[in-house]
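Take a moment to look at the sequence and the model together. Turn the model slowly and follow the chain from end to end.

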Amino acid sequence: MEACYPQVKSNVTSYSTMTVVIISLQAFAGLWINAFIVSVLCVALVKKKTFNSNEKILLFLGCSRFGYFCVLFMGTFVLTIYPWIYYIHPIPQLDNAIQSFFTFSNLWASSSLSVFYCIKIANFQHSFFTFLKAKIDRIVPWLLMASALLSLIISIFAYKTVDEVHCKNTNATSLENFWGLSVKLDRHSLPMFFISGFGFATAFLVVLFSALLLLFSLWRHKRRMQANSVRNVSVDAHIKAMKSVLSFLFLYTINFICLTLSLLYGIKENHEILLILAFLNTFPAVHSLLLIFSNPKLERTLLRTLLWVKCKVCGR
């Protein structure tokens, strides 16, 4: 392999070291959380031989996030111990392309999950919505295939962009500069910048409209139950569901803001990009954890696993 730059010394600052530690801890936690989701769903698949649409999306989402955290953990570890390896062609290109693939597959899968919940739970009398509700189980596999294909196409663009930008940058001698390589705004990376921005905005708008429709449907149904003097248990269940949707929407909003800032600060080569990346890596882990507690099967399995671990520890 041919090096694009001469070998340089590692000059990672204390701020970068702290960020590396934080990101490594986030990646380690994210790996375990999503590995749990994937393993539980795979065991269920072996037992039942079938998957419902919700489980298909969760499995795809868990696999994409597990892959994302694997690349993140390995990339951070290697970049800290052997920083010179990222000057060897095509290591940085492959790293950026793989990260782009898992990042966008994660975004598309999250959006698909929001659309699925909206169509399954919300109740509207429009003919198109009724058609989607009847066909959603057939649409989900195609949505996941389209998500994987779009993510693959974007990762190819990312590889070409970093390949053109990386070999022209002669000042990338630190961790901060390396993470800003792929988003420098020039004639080579401008298309990738707009593709990324469009992808982030599209995924967020899909989640936003799905959440608003679902909230409106739940709110309208709650009003009807209160008007008909339905028992408080049903009303409380709908209020709890609305709070869950709002919490998910809040997480998605913070994630979208951080994604946008990562592009803007990356262009300006500002050190705040490190802090933004730390927030970005929190979202997949926290969101996956919330998905576990919102799914009865995953929640029961997690509680049984924790109880088993506690008994083993106490038995010693």
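The paragraphs below go from the overall fold to confidence, then to single residues and their partners.

This is a predicted model, where local features need pLDDT of at least 70, side-chain atom pairs count only at pLDDT 80 or more, and totals for chains, interfaces and linings use all residues. Residues are numbered from 1 along each chain as its sequence is written, and side-chain values use heavy atoms, leaving out hydrogens and water.

Start with the fold. The chain has nine helices and zero strands. Helices here are DSSP runs of H or I with at least four residues, strands are runs of E with at least two, and both are numbered from the N terminus. Read from the N terminus, the elements go α-α-α-α-α-α-α-α-α.

Next, look at how the chain is packed. It has 316 residues, and 44% of them count as buried. Buried means under 20% relative accessible area, exposed means over 50%, and partly exposed lies in between (1.4 Å probe, protein chains only). The accessible surface of the chain is about 17400 Å², and 70% of that belongs to carbon and sulfur atoms. These areas come from the Shrake-Rupley method with a 1.4 Å probe; for residues, only the protein chains shown count as cover. Now consider contacts, meaning heavy atoms within 4.5 Å. Among contacts with a separation of 6 or more, 77% are between residues 24 or more positions apart.

How far can each part be trusted? The guide is pLDDT, the predictor's confidence in each residue, from 0 to 100. The chain averages 79, and 81% of the residues score at least 70. Confidence is highest in helix 3 (residues 91–121), with a mean of 89, and lowest in helix 5 (residues 175–179), with a mean of 45. Over residues 1–12 the pLDDT is below 50, and this stretch has 27 contacts beyond near neighbours in sequence. Residues 170–185 also stay under 50, and the model gives them 45 contacts beyond four places in sequence. Where pLDDT is low, the predicted coordinates should not be read in detail.

Now turn to charged pairs. Side chains of opposite charge can pair when their charged atoms come close. A salt bridge is a side-chain nitrogen of Lys or Arg within 4 Å of a carboxyl oxygen of Asp or Glu. How many salt bridges does a search of the whole structure find? It finds three.

Begin with Glu-55. Its side chain meets that of Lys-48 in a salt bridge of 3.2 Å, N to O. Glu-55 counts as buried because its relative accessibility is 6%. Lys-48 has 39%, so it is partly exposed. Glu-55 also forms a salt bridge with Lys-297, with the closest N and O atoms 2.6 Å apart. Lys-297 lies in helix 9 (residues 296–315) and Glu-55 in helix 2, so this pair ties together parts that are 242 residues apart in sequence. Lys-297 is partly exposed, because its relative accessible area is 27%.

The remaining pair is Lys-120 and Asp-137, whose closest N and O atoms are 3.8 Å apart. Lys-120 is in helix 3 and Asp-137 in helix 4, so the pair ties together parts 17 residues apart in sequence. Lys-120 is partly exposed at 38% relative accessibility. Asp-137 is partly exposed at 41%. Salt bridges that share partners join Lys-48, Glu-55 and Lys-297 into one network.

Asp-137 has another partner. A polar contact of 2.6 Å joins its side chain to that of Ser-53. Such a contact is a pair of N or O atoms within 3.5 Å; within protein, one must be able to donate a hydrogen and the other to accept it, and residues adjacent in sequence count only if both atoms are side-chain atoms. Ser-53 lies in helix 2 (residues 53–81). At 5% relative accessibility, Ser-53 is buried. Beyond four places in sequence, Ser-53 touches Phe-116, Ile-136, Asp-137 and Val-140.

Compare another serine, Ser-262, in helix 7 (residues 232–268). Is Ser-262 buried or exposed? Its relative accessible area is 11%, so Ser-262 is buried. Apart from neighbours within four places in sequence, Ser-262 is in contact with Ile-273, Ile-276 and Leu-280.
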